[in-house]
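Today I am looking at how the parts of this protein pack inside and against each other. Here is the entry I started from.

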Amino acid sequence: MRKLNLNGKSVEVHSDPDTPLLWVLRCELKMTGTKFGCGVGVCGACTVHVGKDAKTSCQEKLSDIGANPVTTIEGLQGPQARALRDAWMRVDVVQCGYCQSAQLMAASALIQRNPTPSAKDIDCAMHGIICRCGTYPRIRQAILEATGQGKRT
Ligand code: FES
Ligand code: FES
């Protein structure tokens with residue numbers, strides 16, 4: 001048994017220390033907001049925050065997390081997260097939705113470290129999260145709006 005600092009709470013987990021965080025979340029804790037795409041670190045669908053950084057949870061072993069706080073889509077909150085969610089709705093970003101937890105987690109990590117990212121900053125920060133539906137232009141627009149830089153319609 002070990003403790004995981006998850007979404008602001010201390011949670012007991014029993015998975016093997018080598019288990020990827022993604023499977024601890026989805027299988028042990030039944031938190032399915034974080035998605036499984038490729039499992040090998042190339043699609044970004046499993047992105048969560050470890051500390052302040054966006055990380056692919058399929059590539060993070062439970063034993064490597066230590067005391068670092070983990071935030072998933074279920075625990076993403078605060079004014080910046082609200083601004084992102086509002087902009088996502090306004091811009092109507094979502095298509096099938098599969099990648100969108102990861103997109104929001106990556107966008108949130110971006111605006112925490114850069115509150116007014118340029119379109120280029122956004123493209124650079126978000127490029128690792130694949131969207132098969134091609135929602136990239138709307139994601140970019142929503143992040144610009146959420147950071148007070150885009151036109152609200
Ligand atoms: S499932 Fe983790 S990067 Fe694809
Ligand atoms: S909204 Fe369908 S994969 Fe991104």
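I began with the rule for a polar contact: a pair of N or O atoms within 3.5 Å, where within protein one must be able to donate a hydrogen and the other to accept it, and residues adjacent in sequence count only if both atoms are side-chain atoms. This is a predicted model, so I noted that local features need pLDDT of at least 70 and side-chain atom pairs count only at pLDDT 80 or more, while totals for chains, interfaces and linings use all residues. Residues are numbered from 1 along each chain as its sequence is written, and side-chain values use heavy atoms, with hydrogens and water left out.

**Domains.** I found domain 1 (2-72) and domain 2 (79-146), with bounds from an automatic or database domain assignment. Their C-alpha centres lie 21 Å apart. To their contact (heavy atoms within 4.5 Å), domain 1 brings 14 residues and domain 2 brings 11 residues.

**Interface.** How many residue pairs are in polar contact across the interface of domain 1 and domain 2? I get 4, both residues at pLDDT 80 or more. On the domain 1 side, strand 3 (residues 47-50) gives the most, with 3 residues; strands are DSSP runs (E, at least two residues), numbered from the N terminus.

**Met126.** Leaving out residues up to four places away in sequence, I see Met126 touching Gln103, Ala106, Ala107, Ile139 and Ile143.

Terms used: Chains lettered and ligands numbered in written order. Helix = DSSP H or I, 4+ residues; strand = E, 2+ residues; numbered from the N terminus.
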